[in-house]
Amino acid sequence: MKIGILCYPTYGGSGIVATELGMSLANKGYEVHFISSALPARLDITNPNIFFHKVNVQTYPLFQYQPYDIALSSMIYRVVNLYKLDLLHAHYAIPYAYAAFTGKQMLKEEGKDVPLVTTLHGTDITLVGQHPSYKHAVEFSINHSDTVTSVSESLKRDTLKFFNIRKEIQVITNFIDNTEFREDHCCERKQFANEDEKILIHVSNLRPVKRVEDVLQIFKNVHAKVKSKLIIIGEGPDMEKITEFMEENPDLISKIRLLGKVNDLYRILQLSDVFLLPSEQESFGLAALEAMAAYTPVISSNAGGIPEVNLQGETGYLAEIGNVEAMSNYTIKLLSDENLLAQMKANAKEQAKHFDIKNVLPQYEEMYENTIRNFKESQ
Ligand code: GMT
């Protein structure tokens with residue numbers, strides 16, 4: 001089967017899921033064509049079954065904004081034609097599912113067509129997709145996809161609540177490749193903390209939805225009771241809030257390590273004691289799952305699909321969005337009890353195994369086969 005994957009190339013969750021999925025499919029012998037504005041961050045382009053097609057946006061003095069969606073739909077049309085793709089898989093409704101629809105229309109003009117799968121990832125539904133500038137395009141793109149999947153039950157409920165959807169939505173969760181989280185491949189703890197200090201970690205693209213101010217306040221409360229360090233991985237618009245916090249709390253400057261974008265994330269996750277995810281919105285929480293795969297329990301908000309991943313009192317603790325005090329108290333409780341911490345680290349890993357790629361990939365394969373069969377039957 002030849003599959004075209006349309007996705008963001010950056011470090012966001014949807015791009016990671018699309019890339020890891022494509023690489024797993026390629027390893028099983030599928031021919032996988034990535035169509036994106038840049039080489040996806042984690043893509044192994046040396047794999048002979050993987051192809052990358054860069055969307056080039058031609059600038060022109062008349063264009064006030066670069067017409068990426070037009071260039072994208074043209075590239076979709078060209079790649080389907082050139083490589084005879086069997087199926088397109090759009091990750092994130094806008095612009096990917098939207099541009100795929102246009103690409104398909106161009107193909108139809110020539111008596112050709114290809115089925116389209118759209119995977120909804122989160123903010124395309126819960127945040128940006130709600131905006132009047134995009135809402136109808138998102139709804140249209142979903143209703144004109146042949147198959148629609150969402151990454152959690154919570155996101156499926158939100159999609160049906162916020163949009164007028166005529167399609168069945170199939171839940172196929174985010175996943176993790178546990179074999180990548182090798183226990184012998186780790187950084188040294190002393191690189192980040194003294195022996196008597198615990199390590200708290202937060203990984204995100206530091207957008208307002210991640211509530212980094214809560215992360216900082218939780219750390220401040222915890223640090224007052226438990227010797228500890230905070231590692232923050234990622235870059236984004238709320239970096240400024242971290243700098244402001246440090247200016248207001250100079251005694252904590254040496255306790256906070258800002259690492260920016262990191263490739264071998266799991267090497268650092270493995271030596272952490274607790275992962276903080278106090279998000280305002282989170283359709284699934286792939287970052288939490290990655291932490292759990294590295295034996296790190298999670299203290300989180302109960303937003304969106306997080307409770308489907310982080311289990312209260314088992315793999316960590318959850319509190320209402322913005323309830324910094326509860327999240328601080330849970331963290332203090334966890335870090336002050338070595339037995340509890342050891343148990344939760346083990347539970348976190350067990351939970352991550354349920355979301356292993358070997359359990360999720362067959363669901364994608366079956367969905368692709370059903371989509372192609374139904375598409376052919378409807379022709
Ligand atoms: O939230 C991010 O950091 C990026 C965003 C994306 O679409 O790239 O992530 C969303 O998709 C991930 C993969 O499906 C989910 O695990 C994240 O929970 C989801 N983020 C939100 O809903 C805020």
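Predicted model: local features only at pLDDT ≥ 70, side-chain atom pairs only at ≥ 80, totals over all residues.
**Two domains**

Let's start with the overall layout. The protein chain splits into domain 1, made of residues 2-175 + 357-378, and domain 2, residues 179-354. The table collects how the two relate.

| Feature of domain 1 and domain 2 | Value |
|---|---|
| Distance between C-alpha centres | 31 Å |
| Area buried between them | about 1400 Å² |
| Share of that area on carbon and sulfur atoms | 51% |

**A helix pair**

Next, have a look at helix α3 (residues 93-108) and helix α5 (residues 135-143), whose axes come within 9 Å and cross at roughly 55°. Angles of 65 to 115 degrees would count as roughly perpendicular and those under 35 as roughly parallel, so α3 is oblique to α5. Their crossing is left-handed.

Which residues of α3 and α5 meet? From α3 come Ala93, Ile94, Ala97, Tyr98 and Phe101, and from α5 come Ala137, Val138, Phe140 and Ser141. Sorted by class, this contact has eight nonpolar residues, one polar residue and no charged ones.

**Two backbone spots**

Most residues other than glycine have a negative phi, and most peptide bonds are trans. Two places here are worth a look with that in mind. The peptide bond from Ile94 to Pro95 is cis, its omega being near 0°, and Pro95 sits in helix α3. Ile94 is also among the α3 residues that meet α5. Leu206, although not a glycine, has a positive phi of about 50°. You will find Leu206 in the loop between β8 (198-203) and α7 (212-223).

Notes
Residues numbered from 1 in each chain as written. Heavy atoms only, no water. Axes fitted to C-alpha atoms, helices over the stretch in contact; angles between N-to-C directions. Helix = DSSP H or I, 4+ residues; strand = E, 2+ residues; numbered from the N terminus. Parallel < 35°, antiparallel > 145°, perpendicular 65-115°, else oblique. Left-handed = near helix turned anticlockwise from the far one by under 90°. Contact = heavy atoms within 4.5 Å. Nonpolar A, V, L, I, M, F, W, Y, C, P; charged D, E, K, R; others polar. Domains from an automatic or database assignment. Buried area = accessible area lost by both parts, 1.4 Å probe.
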